Amino acid sequence: MPADGPRHRKFLTSRRAFLLTAAAISLAGCAANTPEAGTADEVAANAVAAPPTPVVTAAAQAPAPVPPGRDSIVSSFAGRPPNSWGLQLPGTATRLAAGAQGVALTFDCCGGPGGNGVDQALIDVLRHTRTPATFFLNSRWIQANPGTAKSLAEDPLFEIGNHGTRHVPLSVSGRAAYGVPGTSSPAEVYDEIMLNQEALHRLTGTAPRYFRPGTAYFDDVAVAIVRELGLVPVSFSINGDGGATYPMPVVLREVSAAKPGDVIIAHANHPNGGTASGITRALPILRAAGLEPVRLAVT
């Protein structure tokens, strides 16, 4: 379809209307704050620096194929009923590729009321210890923290993933998780993915490869839509910080229990939680066990 065709103009108009509506919606953040676990200086001082290692950056690639448009997704998936719902559905990536010996650290930045914070202590520890990680950024968090978002995107240690536009579960029936209503149609699924995908492309210069919805819940039709749009739907195998509610000892216990190939989920938007201090103490334990943190590599 030509870029200046009537369908394209119609999509742009509907997208602007969606953005205005989304801006008025007030959704809860990932989790409530917990008592302070230490300042950035204190946490960084406790970190054990890893030996310097070269950071491998991706080779130049040809532009990614253009994903299907909104009308195409609506036409292809309209009326398809979901049959399953959860955190680890078939088609979602929950572990690294077969044979991986390391573990992947992934951190959600959820945004919205109570969720726009920046856990700078965590970011500092990852940089000090040369620890790769993937940050899943939500549109609201990017808008609240444009400088930090750009800094993360420009750091070759880190990869940026898509954490949605409104930070809601991904569903075609409006199903809720943790009291948060999900998207309710293929059109809403498209907007939840692609409006933030466009924002992240502008931020990073490349289109993110990975998508994780708010709450990490999908239904099976939404999983298929993510795949149809050329992204990998990512879940996890270890819940490292319980939505930023775990205190330091629990974060330490959960993350230290990782096995080769695990994908660990935690959060980087609650600086007063136990995530930074727990990750700080877990990193040397993982490395002593031969579990080097690696870039997310899932299909």
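Start by selecting A216: this residue is buried, with a relative accessible area of 2%. Keep in mind that you're looking at a predicted model. A216 sits in the loop that links strand 7 (210-211) to strand 8 (218-219). Check its backbone too: phi is positive, about 70°, although A216 is not a glycine. Most residues other than glycine have a negative phi.

Next, jump to Y178, in the loop between strand 5 (176-177) and strand 6 (180-181). Here's another non-glycine residue with a positive phi, this one near 55°. Buried or exposed, what is Y178? Exposed: its relative accessible area is 65%.

Now for the largest nonpolar core, which has 33 residues. Select F107, F135 and L137, the members that touch the most other members. Then keep F107 and show what is around it: leaving aside residues up to four places away in sequence, its contacts include L122, L126, F136, H267 and I279.

Last stop: the helices. Select helix 9 (residues 248-256) and helix 10 (residues 275-288), whose axes come within 8 Å and cross at roughly 35°. The crossing is right-handed. On the helix 9 side, pick M248, V251, L252, V255 and S256; their partners in helix 10 include T275, G278, I279, A282 and I285. Colour the residues of this contact by type and you'll get 8 nonpolar, 4 polar and 1 charged.

Terms used
Residues are numbered from 1 along each chain as its sequence is written. This is a predicted model: local features need pLDDT of at least 70, side-chain atom pairs count only at pLDDT 80 or more; totals for chains, interfaces and linings use all residues. Side-chain values use heavy atoms; hydrogens and water are left out. A nonpolar core is a set of buried Ala, Val, Leu, Ile, Met, Phe, Trp, Tyr and Cys residues joined through side-chain atoms within 4.5 Å. Buried means under 20% relative accessible area, exposed over 50%, partly exposed in between (1.4 Å probe, protein chains only). Contact means heavy atoms within 4.5 Å. Axes are lines fitted to C-alpha atoms, for helices over the stretch in contact, and angles run from 0 to 180 degrees between N-to-C directions. Helices (H or I, at least four residues) and strands (E, at least two) are DSSP runs, numbered from the N terminus. A crossing is left-handed if the near helix is turned anticlockwise from the far one by less than a right angle, and right-handed if clockwise. Ala, Val, Leu, Ile, Met, Phe, Trp, Tyr, Cys and Pro count as nonpolar, Asp, Glu, Lys and Arg as charged, and the others, Gly among them, as polar.
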